[in-house]
Every structure is written in structure tokens, then in C-alpha cells.
Amino acid sequence: MYNKKEILSALEENINFLSTDNIKEKLANNPFIHKQIEFLKENGEKYHSDKASTFLYSKYRLFSDTGDRAIYEKDYFHRRSNLMTFSLLSFLYPDNTVYITNLENILWNISSEYSWCLPAHFLDAESNVLDYNMRSCHIDLFACETGLALCETLQINRDKLSKELIAIIESEVTRRILDPFINPDNFYRFEIMSNNWSSVCGGSIGSMAMYLIKDKYKLTNILHRALSCIDIYLKSFGNDGICTEGLSYWTYGFGFFVVFADLLYQKTKGKLDLFTNDKVKSIALSQQLCYICENHVISFADGIPIDTYRIGLTSYLQEKYKEIKIPDMQYAKNIYDDQCYRFCLTLRDFLWISKHTSYGLEETVSKYLEDSQWFISKNTNLSLIAKGGNNGESHNHNDVGSFIYHKNSKPILCDVGAGLYDDDYFSTNRYNNFCTNSSSHNIPIINGNLQEFGQQHRAKNIKSSISDKVDEFSLELQDCYKDTDLTLFTRDIKVAKSLSPTITITDTFKFEKESTVTENFISLSPIKLADNRIVFTNGDIISHMEYDYCNIDARIKETSFVDHFNNVVPAFLVKLTPKEKSKNIEIILTLS
């Protein structure tokens, strides 16, 4: 990454960030943008008489008292929704005094908050709870998002706002974010976190500094420290560019990286160009690999099974890297789909969308990604995505060896993705949650044991081969279980790509003494036993699993879980158990 001398010598003055020249002409006749503007107007009407959710102390203290995050955060993010709505409406309709008055009111309310940091994130560099006197100016993901949203709101609406209010906002961003960050006595945990935190926080702070700091030496110091965070973020990826936390975290972390990198490119007139980095290109191209079909995506770890993409961000990246493929426009994220209302990404949906963007994903992909240990065999009839990895990854689930299976673009065997984020979900109780432990994944239970948490519990001896007719993936999984009697567990997956494609899964187990294994598979669609096989039904799509019914007992279990959005979701499990214990067990399953 760049040193201070390189940064200082590259900085330019009087850069016109976020140029809005010809913005109305650019957005004309764009159906996606027209729909977003209608959403903005509808919410502008709804929020006009809104009191912007008074922050009650009784709600604020709920996290420390009960572990509940949702009630306080609902009000917190409602204010960010108001900010996004009236900032964009004031930008698009600069003569509308109602929009501008509402914008000034929400700016005042946010500037008056006790802390921009969420109570769940009052933690020091070692994740210890902060003393009370350290909280009001503490920096977390959402404090950084808030600060950047305020800076960019000023950038696009400065000529409409009260000079006093502008001064207050700039003072608050400096007091709460920039001054604490540049203080050499402060050290923040996001500075050493190898995930989206380092990008969102480092990128946001660096961006705020480029907007507000005029002194080039102070700006150099802040950018140097921010770039250290960016370096940590980029090093969290392997060369294959896959974000193992899930596509939504790719959008989050990489989106803020791209915003920062673009502003840095502008501020230095191209002399500091992070987009020439090969790792950055790999990360940019990885988004398209996460799409299985339509808006169904790979949902390992804390991913979301059905997800959408940022049209501005992805259009911008396609201009940088021509190899990028973009899903159809109907699967782009509507601005209110993001329940954290991330302003910088929403604004760039308007600024970066291009009439030259081309849409359409590759229907057939066969690939093994060595660093993430993801295996992708995708075509129009059957798609199977499996993973190796380890059980100590960021936003980890205990799921090494699990897979996702689709038939004719419909999910059959799934990965349920992220559960509800509460205090327990990020505590030592994390793997008591159905969504994170092995029981919600397509992997066996061995002698009654689920997989164990920790980086030492990992896949090994991974092999893959790709050809026109067959894709194959095999890995050893015995180290993922804390079972001293288990000496070998090999999972072999074979995808036969014929006119009537099939998937064969062969699980081989060796033990020191006679043992039991229960294969475990999960679907969000009904399962039944019929004609000595297992039948999965999703709408008009029917899939079959063949098994050795003479020697294996099969049973169906109905259950439910709470998903990431606090919805109770029904789920269906099929469990296959050999009738006899043995030291050597082989189970062969065929999906069609």
C-alpha cells in the first residue's frame, strides 16, 4: 500500500467530487431509476409528518439489559432512511422547500444523537465492553456510515442548506470520527479485522477526510492510516476473490472499498489507483460467481439465499473490468431493500448507472476456487455448489463439506444462510443456533455429533476435476468432527452433465469401532418418501434422491427457524441412517 510520501505528493486541490453535471439527462428514460424515484416520493410523503423516531433511553439500554438489538436499531435506521430519502429528493428536486426543510430537520436530529455507534459495538480493540465515558465518540461500522452519509449529503445539497447547519455537521463529523481516528493514543478493533469492518470503517473515514480536511499533512496522516485498514481488507481475500461471508457482505465491504478507491483516484487525479491491483479485479469479478440463477445466490456462512445487487456499483465495475457479467436489471436492489439505508451506495445507483451497461450471466459455469475451496457446477438443469474451507471463517457456520442443490432454477437442498442477529448470535452461544450449526446443513451427524467450531476443523486432501461431461469434487472431512473413533470421512461428489443430468454423492466412513452415521439434508420445500426414494417438490419441479432403502432407514422431520429478518421459516429435514452399526460405512446417494 502507499507510504506517506507517495500520498502527500499525489494529493490535488479543488477536486469537484460527485459531479452531477447532466444528471437529469443521464437518468432520463431509465426504468430502474424512475422506479427508485417513485419509491423516494412515496416515502417522502410518508415521512413528511414523521418525528424521526425519538430516541428513548429505555430502548437504548435494552442491549445491555437483555441483549435485544432490534428495538433500538429500528429507530436508529429509520432516521437513516429519512436522511437518505430527503437528501436524494432535495438533490433531485432542488426547488422543493418541503424536501429541504425535512432534510434539515433530520440532519439536526442525527447531529444531536448521543452516539452514532450502535450499543452492540461499544467494544475496544480486544472486544472488551467500553467504559461509559468512551462511548459517545466511539467508531463502529454505522458511525462511519453515518459520517460519510452526512458528508455526501452536504456535497450534493450544500447550496440549499443553512450555513449554521453545515458548520454543525462538519464539526460533528470531525469531533466524532476524524479527530478520534487520527489520535495516536486510540486503536480500533476494525483496524485489524480481516473482513468488511476494515473496509467500511477505513474507507468511510478516508472518504470523509477527503471531503472535509483541507490541510494536506493532516489528510495524508488520515489517508495513510485508512489505507492500512484497506490493506487488511484486501488481504482477507484469497486470489480467487471470493467473500466467504456471503454475497451481501461482498456488496457491503467491497462497495465501500470502491467508493473510497474512486474518491482517492479523483483526489490524486489517477496517481493512486487501487483498481490496478490484481486482487481487486478478482474480487470485482467474484460477484457473478455467487449467482446460481435469477436472484438465488450462494448462501454459505452468513449469506442470504435470495439477494440482489447494487446496480450503480456493478455498472461502475463493468466499466473498469469488461469481463464482469451483471444479472438482469430486475434483480437489482431497490433502494429501500437495504434496511440499513447505506447512503453512499444508494447515491451511486443514481450517479454510476450507465446506459452502456450490459446485462446477463453465464448459464453454465464449472469451476473450483482454490482459496475459498468452493466447487461450482452450474447449468440450466442441475446446479451444485459445495464447499471445503474450515469452521473458523469470518461469520462462520459449521458447514465444511456442505452443498447447495438446484434443479431447473429451483432450490431443492439449501443453505439457510444467516440467522437473526442478536447478542447470542455473536457470543459463545453462537453454535446453539440452528442456522449456524451443522443440523441446518447438508452434512452428516456422526455418532450423534455435529461438526466442531475452529480453524483446526477443516477439509483436507481436496481434489477437483472439470470436464465437458463430468465435474468432480472430493474432500476429507474427519477433522471437522471431535470423534476419536472416526479415522476417515471422504465425501465424493460427481455431477454428470448429460441430457438427463444426475448428481452422485458418495460418503465413506472408517471408524475404530462400530459406529452410527445419520445423513442430514435440509430443504425449504416439502419432502416425502415414495416408491423407496425421497421426493422433493418445489412448485412444479420434482427431484428424487435414490438411496439403499434395504439397508438405510429414512425419516422426514419438519421444523422451523428464525431467519435473518426475524421471520419464522418452516424447514424440512430428511435423515438417512444405516440399519446396522459398522466400522466401515459407505452411503451412495443419487439426485436427479
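The axes of helix 12 (residues 247-267) and helix 15 come within 10 Å and cross at roughly 60°. That angle makes helix 12 oblique to helix 15; angles under 35 degrees count as roughly parallel, over 145 as roughly antiparallel, 65 to 115 as roughly perpendicular and the rest as oblique. The crossing is left-handed. The model is predicted: local features need pLDDT of at least 70, side-chain atom pairs count only at pLDDT 80 or more, and totals for chains, interfaces and linings use all residues. Residues are numbered from 1 along each chain as its sequence is written, and side-chain values use heavy atoms, with hydrogens and water left out.

Helices (H or I, at least four residues) and strands (E, at least two) are DSSP runs, numbered from the N terminus. Helix 15 spans residues 343-352, and ten of its ten residues are buried (under 20% relative accessible area, 1.4 Å probe, protein chains only; exposed is over 50%, partly exposed in between). Among them are Phe 343, Arg 348, Asp 349 and Trp 352. Helix 10 (residues 196-212) is also mostly covered, with 17 of its 17 residues buried. Helix 10 reaches 24 Å from its first C-alpha to its last, close to the expected 24 Å; the expected span is 1.5 Å times one less than the number of residues. At its start, a side-chain oxygen of Asn 195 lies within 3.0 Å of the backbone nitrogen of Trp 197.

Strand 4 (residues 374-378) is largely enclosed by the rest of the structure, because five of its five residues are buried. Trp 374, Ile 376 and Lys 378 cover one side; Phe 375 and Ser 377 lie on the other. Strands count as paired if DSSP finds at least two bridges between them. Strand 4 pairs antiparallel with strand 3 (residues 365-369) over five bridges. Five bridges also join strand 4 to strand 5 (residues 382-387), again antiparallel. Lys 378 is the bridge partner of Val 365 and stands opposite Ser 383 in strand 5. The hairpin of strand 3 and strand 4 has four residues between the strands, and Gln 373 takes a positive phi near 65° there. Strand 4 and strand 5 form a hairpin with three residues between them.

A further open sheet holds four antiparallel strands in the order 9-15-20-19. Strand 9 (445-446) and strand 19 (552-562) are its edges, each pairing on one side only. Two bridges join strand 9 to strand 15 (residues 517-523), where Thr 518 is the bridge partner of Ile 445.

Asn 538 is found in strand 17 (residues 533-538). At 16% relative accessibility, Asn 538 counts as buried. Its side chain reaches the backbone oxygen of Pro 411 at 2.8 Å.

Note on methods. A polar contact is a pair of N or O atoms within 3.5 Å; within protein, one must be able to donate a hydrogen and the other to accept it, and residues adjacent in sequence count only if both atoms are side-chain atoms. Axes are lines fitted to C-alpha atoms, for helices over the stretch in contact, and angles run from 0 to 180 degrees between N-to-C directions. A crossing is left-handed if the near helix is turned anticlockwise from the far one by less than a right angle, and right-handed if clockwise.
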